[in-house]
Amino acid sequence: MTGKPIHDICDIDAVVAGRARLTVEQAIELYRHASIHDLGEWATTAADRMHGNKVRTYVIDRNVNYTNVCSAKCTFCAFRRDDGDDDAYVLSKNELRTKIGELADIGGTQVLLQGGMHPDLPIAFYEDLLGWLSDEFPQVHLHAFSPPEFVEFVAVFDIDGFPTPGATRAGELPRDVFVAKLEAIMKRLRDAGLKSLPGGGGEILVEHVRRRIGSTKATGTEWLDVMRVAHQLGMFTSSTMMFGHIEGVADRFMHMGMIRDAQDEAMKNLWPGRYVSFISWPFQPDHTPLGRVPQWDPESNEPFAGDALADAVLHGEVDPFDKAACGLAHKQAGKQLRLAGATDYLRTQALSRLFFDNIHSIGASWVTMGPKIGQLGLKFGANDMGSVMMEENVVSAAGTTYCLNEAEICRLIRAAGYTPAQRDNTYDFIAVHETTGPDLDVADWSAHRPASSAFAEPDHDGKVELTISESVEY
Ligand code: SF4
């Protein structure tokens, strides 16, 4: 990084101490000019201030993709299928009982339930599913249905008092009708057993990036509307960012700014729900359409076009909703890929800790970078190692294969200098493993080597059930 003095950018001591808030512009400047060592130190100090310097957490949950049938065609996705494809599926109750029973057997506390956005399942299917799961597994928290799924629900559910479905996009409804129908649906699913929402489908919320990488699912406005309604109805949600593709650096911080503003709104209005966490991870290109976009050559004299367009949007020179204007302003934007490596990931995550003064938890996402970088993430602002979980299908379909079990997660946390603690969905401790714990019970670590290829194939038939893996909080 090159040398603009930090004190010319912001009062970093005040930011780290929680007395000042970073602007989007300052965060971009820090990303470009601060050393990675400084970023790590600042983010760790901020995390220690918010979480203490002793304990770092993980959760045991299971990511159950109840269907892989999806009406969206995100260019970064290798998981989706069309209805009628040979390997398209909707899980039966028997399959669900087996999967969640295994989770309960190992002390798991949460199931992360999400599709595929199936275009033909009615609301009664979901009400029945949630009610049945609540009865069968009352000890398991149902964390389900990311915002794009809710947008699909609004489009396809036929419920009293709202226009008969027929619109292929919820976005074809007037916004007040969309929000009212969304609220009616969410209330019914909450009453059936839904407890909280994952922040999947966030990617990059800024519209000019979003429409290029996932044009048929939720817009940024819709994504934020879903979370706003969830917060009004008293549910906690996570938030996410997938970066390292066509976006500029400024897009990452504009994305974070949209979430931080939404959290400010929730807090100002004393809504009973909140964003409780933020987790970011680099795009995984294997087997995805977006991964076939030519990579930008950093050795060339050409600047990355995504940065040029993002900067123009940030400075109000281009309307991100004006597709033609965006295309004209920077023709190569969206046509070049800039993948993110480990340092990019750590810098971005550290800045997310410094930026989000109103979000409790920052999660380390080692699924894409591996256990060691994930562990290092604890020294770059993360207070949580995310999910020690039994199944992940979406990221693994794009080639990611890191797997760890609970003992290994605890070992990574302890080796980083912290006491590992299992947490619940609201970040309360379930078990703090100070002098005893899953890692301390292991006599022979040679049998606990992290697997690196357990998810050779996306799976829903039980073959990888006992492999414990981490997933992005999708
Ligand atoms: S990322 Fe999710 S919403 Fe997008 S195509 Fe894949 S399954 Fe569907």
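How many helices and how many strands does the protein chain have?

1. Overall make-up. The protein chain has 16 helices and 10 strands, where helices (H or I, at least four residues) and strands (E, at least two) are DSSP runs numbered from the N terminus. The model is a predicted one, in which local features need pLDDT of at least 70, side-chain atom pairs count only at pLDDT 80 or more, and totals for chains, interfaces and linings use all residues. Residue numbers start from 1 along each chain as its sequence is written.

2. Among the 474 residues of the protein chain, 52% count as buried. A residue is buried if 20 or more other C-beta atoms lie within 10 Å of its own, exposed if 12 or fewer, and partly exposed in between, with C-beta atoms placed from the backbone. Of the contacts in the protein chain with a separation of 6 or more, 80% join residues 24 or more positions apart; two residues are in contact if their C-beta atoms, placed from the backbone, lie within 7 Å.

3. Ligand surroundings. The residues around the ligand are Cys70, Ala72, Lys73, Cys74, Cys77, Phe79, Arg80, Gly116, Met117, Pro148, Gly214 and Lys217. A residue is near a molecule if its C-beta atom, placed from the backbone, lies within 6 Å of it. This shell holds seven nonpolar, two polar and three charged residues. In this classification, Ala, Val, Leu, Ile, Met, Phe, Trp, Tyr, Cys and Pro count as nonpolar, Asp, Glu, Lys and Arg as charged, and the others, Gly among them, as polar.

4. Packing of α2 and α10. Two packed helices are described by the angle between their axes and the distance between the axes. For α2 (residues 24–33) and α10 (residues 249–268), the angle is about 140 degrees and the axes are 9 Å apart. Axes are lines fitted to C-alpha atoms, for helices over the stretch in contact, and angles run from 0 to 180 degrees between N-to-C directions. The two helices are therefore oblique to each other; angles under 35 degrees count as roughly parallel, over 145 as roughly antiparallel, 65 to 115 as roughly perpendicular and the rest as oblique.

5. Packing of α6 and α7. The axes of α6 and α7 (residues 175–192) come within 9 Å and cross at roughly 105 degrees, so α6 and α7 are roughly perpendicular to each other. Phe150, Phe153 and Val154 of α6 meet Phe178, Lys181, Leu182, Ile185 and Met186 of α7. By class, this contact has seven nonpolar, no polar and one charged residues.

6. Positive phi angles. Phe145, in the loop between β3 (141–144) and α6 (147–156), has a phi near 65 degrees, a positive value in a residue other than glycine. Phe145 is buried because 27 C-beta neighbours lie inside 10 Å. Tyr427, in the loop between β9 (419–423) and β10 (429–432), likewise has a positive phi, of about 70 degrees, although Tyr427 is not a glycine. With 17 other C-beta atoms within 10 Å, Tyr427 is partly exposed.
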